[in-house]
Amino acid sequence: MASRAEGAAGVPGPSRPPASGRRRVRWVRLLVLPAAIVVVLAAGLSGAYVVSALRGLPPTAATAEGPAQTSYIFDRAGTLIEPVPGAANRAPVASLTDVPLAVQHAFVASVDPQFYRNPYGVDAGAIFGALWAGLTLHAPAAGSPTIAQRIAVGRLPIAAAGTARGQLQADILALELTRRYTRDELLTMYLNQVELGQGTHGLGAAAEAYFGVAPRQLTLAQGALLASLARAPVAADPYGHPKAALQGRDAVLDLMRQQGYITPAQARAARAETLQQMRLQPQQPVATYPYAAYVGAVLAELQKHFSDQQIYTGGLRIYTALSPSVQRDAANAMHAVLDKAYPLSQTPHLEAAAVVLDQSNGDVEAIVGGRGSSGPNRAIAATSPPGSAIMPLAVYAPALLGGMTAATVIDDAPMAWPVAGRLWIPTNNDDSWAGLTTLREALRRSVNEVAVRVLATIGVANGYQVARSLGLTGLSSHDESLPLALGNTADCCTPLEMARAYATIANGGYRVNPLVVLRVTDAAGDVLYQAAPSRTPVLSPQVAYVMTSMLESVVEPQPNGGWIQNVGTAPGAAVRGWPTAGQPGMTPGDTSGWFVGYTPALTAAIWGGYDSPRVMSGQWGATYGAAIFQAMMGAALKGRTPTDFARPEGIVTAPIDAKSGELPGPLTPLAWVRNEIFVQGTQPTTTSSVWVQRQVDSADPALLWDATCGAPPSTQVFLNRPPVTAADVASLAGHLALPASRLVPADMALAPPQRTCSGATVTATGTGSATATGSATATGSATATATETATPSATATASGTASPSATASATATATATASGTGTASASGSTAPAAGTCQTVGAEEMCALTLAAGQPIAPAVIRGHVGEPLQLSITAGAGQHRLIITALNIDITLNPGQSVTLLRTLTQAGTFPIFDALSPGGEGAVLVVDQAAGGG
């Protein structure tokens, strides 16, 4: 067995190898000068880095175990809350004479076999490795630290762990510890600081907790088991993992035998003992504290600035932002709302977490980490996708910054988007689409399609950056894609992060850092740490106020009129007497839910879900989350005088037409007039023209009036919106497994009729921003078609027995079709589409040119049901994936590759054409009309 005296002696270094000849000496001389230059430069850089690492290093003498002083935690009013938990679970070993030699050797053999032989307490290579890591900005190489290094790490701020600078500091401190203290003193320090599971700190506390004995009474088997816990306090826990605990003990015994500390017979005898024979004590319940989650957040913050020794035994006075009354109100609200619907007796039971903070300064007044006494602190550690709760942060606030307004109108109509090489069709919660919708209305009802269209308009990168600047720093670059609009992200966000982001809006656009620890002093009252509140401008006060007003709509009933529904998404969150703003959210798959909101005084984020994800109610955030918010805020604000959200200068009010976002026109129905607020200079100045008058059959208003009607005409007002029919969305319906009629926007019911009393049909399709007019004349049993390039409206007239008219908004073409008797002829002024389409015999030949990052040409391809369509496709630079759902085409072309395809069209409608690998998105459209009767 090696003795400590032998281990203290230095280890002779290897002898220098002899020179192998004159030629080798010459090569050495040639390398001396450049090598010297490199050494000097490296020495200079290393020296500077070492000096930097030495700054802030604790005095070596402070690392020795002195008299332990309990640290205490105080609330925001300076009232004592509790001592730092864990400080009492220590029983220091005064001297190694109180520890059996076999137990000492168990720890040495397990964690630092060279402890008695290494004169430095650290591997020299580790120091150079840390230096190299720091100079090259790489992470330090992982290795097994020595006992001296373990002591040093425990005396440094936890935040330094894992960094090159922290590793170098630990190495320097370990060198000094080894020089200053004997091996017995170092081992005593280590045995008094090592964490051995079950909340124990040091060998004395562990011996009592596990075996009910003092350290001097430990047996070889017991000491080996405790030594195994030094390396794996959770994985080798004898209560949770008894088999692993015995395996860990046996591994330590084998190391002791191999290193000569015990004989094979001693190892066999100790291995034969069971946990019962080792007198393992019954597991004691973990101490609970009334503010456990909040104190956990306090300890996490302290570990960024203080060492483990300072926190637990340094006699610190820790002053926090905790409000005991708000903390109790938050916990009580959670139990009152959830205990009946989701009993804790269920296995598994639903968990929840909440954070309440003062948005004016960032003070975190309450943290509820869960419903039970076990598991992680979900308020600060558990992450989840935010679902629709991200819409104000990544979609609507960036849109307002970019010049959109609460009155900007977006068409809530189904659409397919190319995402990651596939078609993605967002659906709304009720599988219905409303049509022309203002941003306020879209947020109020959490409309998915509008959120996606807005994010696509303002740019995904823009929305991503604004969300991060508001406080969602957990978002990663992988989340920077179109599904970000719906919160379809990785597990990015904690309740604390969500509360911080919403607090930025509530605080007039200024982001504040959440504060749990305000000040730390020593026992004498000298300040050791003072929190530095910050106010970073992210949004203008005007944009923040408009955003708050939009979020108020989510929790407030709306006036009667043209709303699809007369209530917001989460009215259950409204706090009586206080203006309330907020937004619910559900994660993809309905595995967890959110409600995040605020009043003029406080901001709160509530999360609910299972630790092992499983499906829950799809309305959890708008029901249970909102109810928790209302209950906790109502209690927390009791006794305070309500105030309004501060209205900044530069906010104006104007009436709008809710179907155009413009000033109401003479035909705007009163039901669709709203009062809206704007940042001054963004209010509308033009009058709405989306409403038109049409004559209908007074006996059947579903028909346009013509001479064949038996009743007189009646003039009515209709919405002149881009037409969408079931045929238009038939291909999308197949992807969604929904009837095509369900995908037609609801406000198509407000559009003019498309048939006359005589049976003539008028349709119009297209999008754009100019005006074109043409005519179609029909006689006989046939269909006549006139095609124009129309932006935004096209009017077509059919003569003969029918005289219908139609108006359409379009970018490329408008088509009017009239049915009558006789033969058909079409006339009107037409403009050719981009690209090439030509007739080849009975077939239509169209050439598609694909260029990397560019829209597809031509802009429009036209075909007829029952007739073949021939496509010639050529790929330019880059690889392309072309998708045309109506033709069942999904092909990938390499650079320069060409292909000709022949397809027979089988269904009428308007179908997008995607180059899925081009960021341009939808680049063309296929318009399929009914068969033209061979004409």
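Reader: Which residue of S15 is the bridge partner of Pro584?
Author: In this predicted model, Pro584 has Phe595 as its bridge partner in S15.

Reader: One bridge is just one bridge, though. Why are S14 and S15 called paired?
Author: Two strands pair if there are at least two bridges between them. S14 and strand S15 (residues 592-598) are joined by 6 bridges, so they count as paired, and they run antiparallel.

Reader: What makes a helix such as H20 "packed" on the sheet?
Author: Contact means heavy atoms within 4.5 Å. Helix H20 (residues 541-555) touches S14 and S15, and its direction makes about 65 degrees with that of S14.

Reader: How do you know which strands sit at the edges of the sheet?
Author: Start with the order. The open sheet has 5 strands, running S5-S4-S16-S15-S14 with antiparallel pairing. Strand S5 (364-368) and strand S14 (581-586) each pair on one side only, and these are the edge strands. From one strand to the next, the twist averages 5 degrees.

Reader: And the core: what makes Tyr396 stand out there?
Author: The largest nonpolar core has 130 residues, and Tyr396 and Met632 touch the most other members. H20 turns up again here, giving the most to this core with 9 residues. Leaving out residues up to four places away in sequence, Tyr396 touches several residues, among them Leu439, Val447, Met547 and Met550.

Terms used: Residues numbered from 1 in each chain as written. Predicted model: local features only at pLDDT ≥ 70, side-chain atom pairs only at ≥ 80, totals over all residues. Heavy atoms only, no water. Helix = DSSP H or I, 4+ residues; strand = E, 2+ residues; numbered from the N terminus. Axes fitted to C-alpha atoms, helices over the stretch in contact; angles between N-to-C directions. Core = buried A, V, L, I, M, F, W, Y, C linked by side-chain atoms within 4.5 Å. Buried < 20%, exposed > 50% of the residue type's maximum accessible area, 1.4 Å probe, protein only.
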